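I opened this notebook to record what I looked up in one structure. The entries follow the order in which I worked.

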Amino acid sequence: MSRLTKLSRSIKGHIVLITGAASGMGKATAQLFSDEGAITIVTDLDKKAVNDVVQEINSNGNKADGFVLDVSDERSVSSALSEILEKYTNLDILINNAGIAISTSIDSDDYEIFWDKTHDVLLKGQVRLIRACLPSLKKSTFPRIVNISSTEGLGASPKHSPYTSAKHGVIGLTRSLAVELGSLGITVNCICPGPINTAMTEKIPQKDKEIYSKRRVPLKRYGEPEEVAHATLNFCLPSSSFITGSVLQVDGGLTVKRA
Ligand code: NAD
(Lines give C-alpha, C1' and ligand atoms only; values in the text may rest on other atoms or scores of the structure.)
Protein backbone atom coordinates (compact mmCIF):
# COMPACT_ATOMS: atom_id res chain seq x y z
CA MET A 1 0.00 0.00 0.00
CA SER A 2 1.38 3.41 -0.89
CA ARG A 3 1.81 6.06 1.80
CA LEU A 4 -1.05 8.50 2.25
CA THR A 5 0.91 11.67 1.73
CA LYS A 6 -1.93 14.10 1.17
CA LEU A 7 -3.83 13.88 4.44
CA SER A 8 -4.68 17.48 5.18
CA ARG A 9 -4.74 19.05 8.63
CA SER A 10 -6.57 22.12 7.40
CA ILE A 11 -10.29 22.90 7.66
CA LYS A 12 -9.90 26.15 5.72
CA GLY A 13 -13.13 26.93 3.87
CA HIS A 14 -15.10 24.13 5.53
CA ILE A 15 -18.52 25.16 6.78
CA VAL A 16 -19.19 24.30 10.41
CA LEU A 17 -22.46 24.63 12.32
CA ILE A 18 -22.13 24.76 16.11
CA THR A 19 -25.08 24.66 18.50
CA GLY A 20 -24.97 26.49 21.82
CA ALA A 21 -22.13 28.56 20.43
CA ALA A 22 -22.81 31.81 22.30
CA SER A 23 -21.08 30.63 25.47
CA GLY A 24 -18.49 28.32 26.98
CA MET A 25 -17.17 25.45 24.89
CA GLY A 26 -19.41 26.24 21.91
CA LYS A 27 -18.04 29.76 21.74
CA ALA A 28 -14.44 28.60 22.16
CA THR A 29 -15.03 26.05 19.39
CA ALA A 30 -16.49 28.72 17.10
CA GLN A 31 -13.48 30.94 17.72
CA LEU A 32 -10.96 28.15 17.16
CA PHE A 33 -12.60 26.85 13.97
CA SER A 34 -12.74 30.41 12.63
CA ASP A 35 -9.07 30.92 13.47
CA GLU A 36 -8.39 27.75 11.48
CA GLY A 37 -10.09 29.24 8.41
CA ALA A 38 -13.51 27.58 8.63
CA ILE A 39 -16.72 29.47 7.87
CA THR A 40 -18.43 29.23 11.23
CA ILE A 41 -22.16 29.23 11.76
CA VAL A 42 -22.81 30.28 15.33
CA THR A 43 -26.21 29.21 16.65
CA ASP A 44 -27.83 29.62 20.06
CA LEU A 45 -31.04 30.74 21.76
CA ASP A 46 -30.43 34.46 22.11
CA LYS A 47 -30.01 36.68 19.06
CA LYS A 48 -27.86 39.31 20.76
CA ALA A 49 -25.54 36.73 22.32
CA VAL A 50 -25.14 35.06 18.91
CA ASN A 51 -24.47 38.40 17.20
CA ASP A 52 -21.86 39.34 19.81
CA VAL A 53 -19.87 36.16 19.12
CA VAL A 54 -20.17 36.61 15.35
CA GLN A 55 -19.02 40.21 15.62
CA GLU A 56 -16.05 39.23 17.77
CA ILE A 57 -14.97 36.57 15.27
CA ASN A 58 -15.45 38.78 12.22
CA SER A 59 -13.60 41.68 13.83
CA ASN A 60 -10.54 39.43 13.87
CA GLY A 61 -10.80 39.10 10.09
CA ASN A 62 -12.34 35.60 10.27
CA LYS A 63 -15.66 34.42 8.84
CA ALA A 64 -18.71 33.73 10.97
CA ASP A 65 -22.46 34.07 10.62
CA GLY A 66 -25.15 33.76 13.27
CA PHE A 67 -28.61 32.25 13.56
CA VAL A 68 -31.07 31.76 16.38
CA LEU A 69 -31.64 28.03 16.77
CA ASP A 70 -33.34 26.27 19.68
CA VAL A 71 -32.33 22.61 19.49
CA SER A 72 -35.39 21.63 21.55
CA ASP A 73 -37.82 23.11 19.02
CA GLU A 74 -38.36 21.25 15.75
CA ARG A 75 -39.71 24.37 14.00
CA SER A 76 -36.77 26.49 15.12
CA VAL A 77 -34.35 23.85 13.81
CA SER A 78 -36.01 23.54 10.42
CA SER A 79 -36.46 27.27 9.89
CA ALA A 80 -32.85 28.03 10.90
CA LEU A 81 -31.57 25.23 8.66
CA SER A 82 -33.51 26.44 5.64
CA GLU A 83 -32.16 29.96 6.18
CA ILE A 84 -28.62 28.63 6.60
CA LEU A 85 -28.78 26.37 3.54
CA GLU A 86 -30.22 29.14 1.42
CA LYS A 87 -27.09 31.16 2.17
CA TYR A 88 -24.52 28.37 2.36
CA THR A 89 -25.39 25.58 -0.03
CA ASN A 90 -23.54 23.00 2.04
CA LEU A 91 -22.42 22.04 5.51
CA ASP A 92 -19.29 20.04 6.22
CA ILE A 93 -19.22 19.81 10.00
CA LEU A 94 -21.87 19.67 12.71
CA ILE A 95 -20.89 20.20 16.35
CA ASN A 96 -23.75 19.19 18.67
CA ASN A 97 -22.76 21.17 21.75
CA ALA A 98 -25.86 22.92 23.18
CA GLY A 99 -26.60 21.91 26.72
CA ILE A 100 -28.29 22.54 30.04
CA ALA A 101 -27.71 20.96 33.43
CA ILE A 102 -30.52 20.58 35.94
CA SER A 103 -29.92 18.86 39.24
CA THR A 104 -32.88 16.88 40.58
CA SER A 105 -33.48 13.86 42.80
CA ILE A 106 -35.55 10.89 41.63
CA ASP A 107 -38.31 11.62 44.16
CA SER A 108 -38.72 15.28 43.22
CA ASP A 109 -42.28 16.29 42.20
CA ASP A 110 -40.88 17.96 39.10
CA TYR A 111 -38.63 15.06 38.14
CA GLU A 112 -40.47 14.16 34.95
CA ILE A 113 -40.53 17.78 33.79
CA PHE A 114 -36.76 18.01 34.27
CA TRP A 115 -36.27 14.60 32.63
CA ASP A 116 -38.20 15.64 29.52
CA LYS A 117 -36.55 19.05 29.25
CA THR A 118 -33.06 17.61 29.72
CA HIS A 119 -33.52 14.85 27.16
CA ASP A 120 -35.16 17.21 24.72
CA VAL A 121 -32.12 19.51 24.70
CA LEU A 122 -29.23 17.12 25.27
CA LEU A 123 -30.24 14.02 23.34
CA LYS A 124 -33.19 14.66 21.05
CA GLY A 125 -31.68 18.07 20.25
CA GLN A 126 -28.65 16.29 18.79
CA VAL A 127 -30.87 13.91 16.83
CA ARG A 128 -32.87 16.84 15.41
CA LEU A 129 -29.71 18.57 14.23
CA ILE A 130 -28.20 15.44 12.71
CA ARG A 131 -31.40 14.69 10.81
CA ALA A 132 -31.69 18.28 9.59
CA CYS A 133 -28.04 18.49 8.49
CA LEU A 134 -27.74 15.02 6.99
CA PRO A 135 -28.81 15.79 3.39
CA SER A 136 -26.19 18.52 3.32
CA LEU A 137 -23.46 16.49 5.05
CA LYS A 138 -23.98 13.75 2.47
CA LYS A 139 -22.76 16.18 -0.20
CA SER A 140 -19.61 17.18 1.67
CA THR A 141 -16.14 15.88 0.84
CA PHE A 142 -15.14 15.67 4.53
CA PRO A 143 -18.39 15.29 6.49
CA ARG A 144 -17.94 15.28 10.26
CA ILE A 145 -20.29 15.11 13.24
CA VAL A 146 -19.03 15.67 16.78
CA ASN A 147 -21.45 15.17 19.67
CA ILE A 148 -20.63 16.64 23.04
CA SER A 149 -21.38 14.22 25.86
CA SER A 150 -19.74 14.41 29.29
CA THR A 151 -17.87 12.28 31.80
CA GLU A 152 -21.44 11.88 33.11
CA GLY A 153 -21.91 9.78 29.98
CA LEU A 154 -19.36 7.31 31.34
CA GLY A 155 -20.12 7.39 35.06
CA ALA A 156 -22.60 9.05 37.38
CA SER A 157 -23.05 11.67 40.09
CA PRO A 158 -26.00 11.75 42.50
CA LYS A 159 -29.06 13.89 41.69
CA HIS A 160 -28.21 14.16 38.01
CA SER A 161 -30.01 11.14 36.56
CA PRO A 162 -31.76 13.01 33.68
CA TYR A 163 -28.45 14.62 32.65
CA THR A 164 -26.46 11.42 33.16
CA SER A 165 -28.86 9.25 31.19
CA ALA A 166 -29.04 11.78 28.35
CA LYS A 167 -25.24 11.97 28.18
CA HIS A 168 -25.00 8.15 28.17
CA GLY A 169 -27.52 8.33 25.32
CA VAL A 170 -25.27 10.71 23.38
CA ILE A 171 -22.52 8.07 23.44
CA GLY A 172 -24.94 5.40 22.23
CA LEU A 173 -26.21 7.71 19.51
CA THR A 174 -22.64 8.46 18.41
CA ARG A 175 -21.67 4.80 18.19
CA SER A 176 -24.85 3.80 16.44
CA LEU A 177 -24.63 6.54 13.82
CA ALA A 178 -20.91 5.95 13.27
CA VAL A 179 -21.90 2.46 12.16
CA GLU A 180 -24.95 3.59 10.19
CA LEU A 181 -23.34 6.50 8.38
CA GLY A 182 -19.91 4.97 7.81
CA SER A 183 -20.74 3.85 4.27
CA LEU A 184 -21.45 7.50 3.42
CA GLY A 185 -18.02 8.56 4.68
CA ILE A 186 -19.59 10.59 7.49
CA THR A 187 -17.59 10.28 10.70
CA VAL A 188 -19.42 10.55 14.02
CA ASN A 189 -17.40 11.02 17.19
CA CYS A 190 -17.99 12.11 20.72
CA ILE A 191 -16.21 14.23 23.31
CA CYS A 192 -16.66 13.69 27.04
CA PRO A 193 -15.53 16.83 28.83
CA GLY A 194 -14.81 16.64 32.53
CA PRO A 195 -15.21 19.71 34.74
CA ILE A 196 -14.70 22.79 32.58
CA ASN A 197 -14.79 26.48 33.50
CA THR A 198 -17.88 27.75 31.65
CA ALA A 199 -21.20 29.39 32.53
CA MET A 200 -22.50 25.91 33.40
CA THR A 201 -20.07 25.60 36.31
CA GLU A 202 -19.62 29.27 37.24
CA LYS A 203 -21.95 29.10 40.24
CA ILE A 204 -19.77 26.47 41.93
CA PRO A 205 -17.63 28.34 44.48
CA GLN A 206 -13.93 28.46 43.54
CA LYS A 207 -13.01 26.81 46.83
CA ASP A 208 -15.27 23.82 46.05
CA LYS A 209 -13.78 23.55 42.57
CA GLU A 210 -10.30 23.44 44.08
CA ILE A 211 -11.23 20.76 46.63
CA TYR A 212 -12.92 18.66 43.93
CA SER A 213 -10.01 19.05 41.51
CA LYS A 214 -7.44 18.17 44.12
CA ARG A 215 -9.32 15.05 45.14
CA ARG A 216 -10.69 13.81 41.80
CA VAL A 217 -8.71 15.23 38.87
CA PRO A 218 -5.16 13.95 38.26
CA LEU A 219 -4.27 17.25 36.57
CA LYS A 220 -5.57 19.03 39.73
CA ARG A 221 -7.70 21.66 38.02
CA TYR A 222 -10.79 22.41 35.95
CA GLY A 223 -10.26 22.46 32.20
CA GLU A 224 -10.73 25.46 29.95
CA PRO A 225 -13.21 25.55 27.05
CA GLU A 226 -10.39 26.01 24.53
CA GLU A 227 -8.86 22.69 25.61
CA VAL A 228 -12.09 20.94 24.65
CA ALA A 229 -12.35 22.93 21.40
CA HIS A 230 -8.94 21.64 20.27
CA ALA A 231 -10.01 18.04 20.87
CA THR A 232 -13.17 18.69 18.84
CA LEU A 233 -11.10 20.20 16.03
CA ASN A 234 -8.94 17.07 15.87
CA PHE A 235 -11.99 14.95 15.02
CA CYS A 236 -12.91 17.36 12.22
CA LEU A 237 -9.61 17.46 10.33
CA PRO A 238 -9.67 15.87 6.87
CA SER A 239 -6.75 13.74 8.10
CA SER A 240 -8.97 12.22 10.82
CA SER A 241 -10.69 10.28 8.04
CA PHE A 242 -10.44 6.84 9.72
CA ILE A 243 -11.65 7.94 13.17
CA THR A 244 -15.32 7.25 13.79
CA GLY A 245 -17.37 6.00 16.73
CA SER A 246 -14.69 7.26 19.11
CA VAL A 247 -15.44 8.55 22.57
CA LEU A 248 -12.72 10.87 23.83
CA GLN A 249 -12.42 12.00 27.43
CA VAL A 250 -11.12 15.55 27.85
CA ASP A 251 -11.19 15.45 31.61
CA GLY A 252 -7.72 15.88 33.13
CA GLY A 253 -7.70 12.15 33.90
CA LEU A 254 -10.89 12.19 36.02
CA THR A 255 -12.40 9.07 34.47
CA VAL A 256 -9.39 6.80 34.85
CA LYS A 257 -8.61 7.74 38.44
CA ARG A 258 -9.69 5.02 40.86
CA ALA A 259 -8.95 6.42 44.31
P1 NAD B 1 -22.60 26.96 28.70
O2 NAD B 1 -23.76 27.13 29.59
O3 NAD B 1 -21.49 27.93 28.76
O4 NAD B 1 -23.09 26.86 27.18
C5 NAD B 1 -24.21 26.12 26.80
C6 NAD B 1 -24.88 26.86 25.66
O7 NAD B 1 -25.98 26.05 25.19
C8 NAD B 1 -25.45 28.21 26.09
O9 NAD B 1 -25.01 29.23 25.24
C10 NAD B 1 -26.97 27.99 26.00
O11 NAD B 1 -27.69 29.16 25.64
C12 NAD B 1 -27.05 26.92 24.92
N13 NAD B 1 -28.33 26.24 24.95
C14 NAD B 1 -29.02 25.79 26.03
N15 NAD B 1 -30.20 25.27 25.64
C16 NAD B 1 -30.24 25.39 24.29
C17 NAD B 1 -31.21 25.06 23.31
N18 NAD B 1 -32.39 24.52 23.64
N19 NAD B 1 -30.93 25.32 22.01
C20 NAD B 1 -29.75 25.90 21.66
N21 NAD B 1 -28.81 26.27 22.55
C22 NAD B 1 -29.06 26.01 23.85
O23 NAD B 1 -22.09 25.48 29.02
P24 NAD B 1 -20.87 24.61 28.46
O25 NAD B 1 -20.21 24.06 29.65
O26 NAD B 1 -20.08 25.33 27.43
O27 NAD B 1 -21.69 23.41 27.79
C28 NAD B 1 -21.44 22.94 26.48
C29 NAD B 1 -21.70 21.44 26.43
O30 NAD B 1 -20.73 20.77 27.23
C31 NAD B 1 -23.04 20.99 26.99
O32 NAD B 1 -23.58 19.97 26.19
C33 NAD B 1 -22.70 20.47 28.37
O34 NAD B 1 -23.64 19.52 28.81
C35 NAD B 1 -21.36 19.86 28.10
N36 NAD B 1 -20.50 19.66 29.28
C37 NAD B 1 -20.14 20.68 30.09
C38 NAD B 1 -19.27 20.45 31.15
C39 NAD B 1 -18.76 21.55 32.06
O40 NAD B 1 -18.14 21.23 33.07
N41 NAD B 1 -18.95 22.81 31.74
C42 NAD B 1 -18.80 19.16 31.38
C43 NAD B 1 -19.21 18.13 30.54
C44 NAD B 1 -20.06 18.39 29.48
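**Entry 1**

I began with D65 and K87, whose side chains meet in a salt bridge at 2.6 Å, N to O. I noted the rule: a salt bridge is a side-chain nitrogen of Lys or Arg within 4 Å of a carboxyl oxygen of Asp or Glu. This pair links distant parts of the chain, with D65 in strand β3 (residues 63-68) and K87 in helix α3 (residues 74-87), 22 residues apart. Helices (H or I, at least four residues) and strands (E, at least two) are DSSP runs, numbered from the N terminus.

I recorded that this is a predicted model, in which local features need pLDDT of at least 70 and side-chain atom pairs count only at pLDDT 80 or more, while totals for chains, interfaces and linings use all residues. Residues are numbered from 1 along each chain as its sequence is written, and side-chain values use heavy atoms, with hydrogens and water left out.

Are D65 and K87 buried or exposed? I used these limits: buried means under 20% relative accessible area, exposed means over 50%, and partly exposed lies in between (1.4 Å probe, protein chains only). D65 counts as buried because its relative accessibility is 13%. K87 has 53% and therefore counts as exposed.

**Entry 2: Further salt bridges**

How many salt bridges does the rule give? I wrote down a count of 6.

I then looked at D52 and K48, whose side chains form a salt bridge with N and O 2.8 Å apart. Both residues lie in helix α2 (residues 47-59), and their spacing of 4 residues is about one turn of the helix.

Next I turned to D120 and R128, which form a salt bridge whose closest N and O atoms are 2.8 Å apart. Salt bridges that share partners join E74, D120 and R128 into one network. D120 counts as partly exposed because its relative accessibility is 23%. R128, with a relative accessible area of 8%, is buried.

**Entry 3: Aromatic pairs**

I learned that a pair of aromatic rings is described by the distance of the centres and the angle of the planes. Rings of Phe, Tyr and Trp (its six-membered ring) pair if their centres lie within 6.5 Å; planes under 30 degrees apart count as stacked, over 60 as edge-to-face and the rest as tilted. My search of the whole structure found 2 aromatic pairs.

Why is the pair of Y111 and W115 tilted? The ring centres of Y111 and W115 are 6.3 Å apart and the planes stand at 35°, so the pair is tilted. Both residues lie in helix α4 (residues 111-137), 4 residues apart, which is about one turn of the helix. Y111 is buried at 10% relative accessibility, whereas W115 is partly exposed at 32%.

Y212 and Y222 form an edge-to-face pair, with 6.5 Å from centre to centre and 70° between the planes. This pair links distant parts of the chain: Y212 is in helix α6 (residues 206-216), and Y222 is in the loop between α6 and α7 (225-236), 10 residues apart. Y212 has a relative accessible area of 28%, so I listed Y212 as partly exposed. Y222 is at 10% relative accessibility and therefore counts as buried.

**Entry 4: Around the ligand**

Which residues are closest to the ligand? I found 28 residues around the ligand, the closest being S23, D44, N97, Y163 and T198. A residue is near a molecule if one of its heavy atoms lies within 4 Å of it. Helices α1 (24-35) and α5 (161-181) each supply at least two residues of this shell.

By class, I recorded 14 nonpolar, 11 polar and 3 charged residues in the shell. Here Ala, Val, Leu, Ile, Met, Phe, Trp, Tyr, Cys and Pro count as nonpolar, Asp, Glu, Lys and Arg as charged, and the others, Gly among them, as polar.

I also looked up distances from the backbone to the ligand. A backbone N or O atom of N97 is 2.8 Å from an oxygen atom of the ligand. For I196, a polar backbone atom is 2.9 Å from an oxygen atom of the ligand.

Terms used:
Polar contact = N/O pair within 3.5 Å; in protein donor to acceptor, adjacent residues only side chain to side chain.
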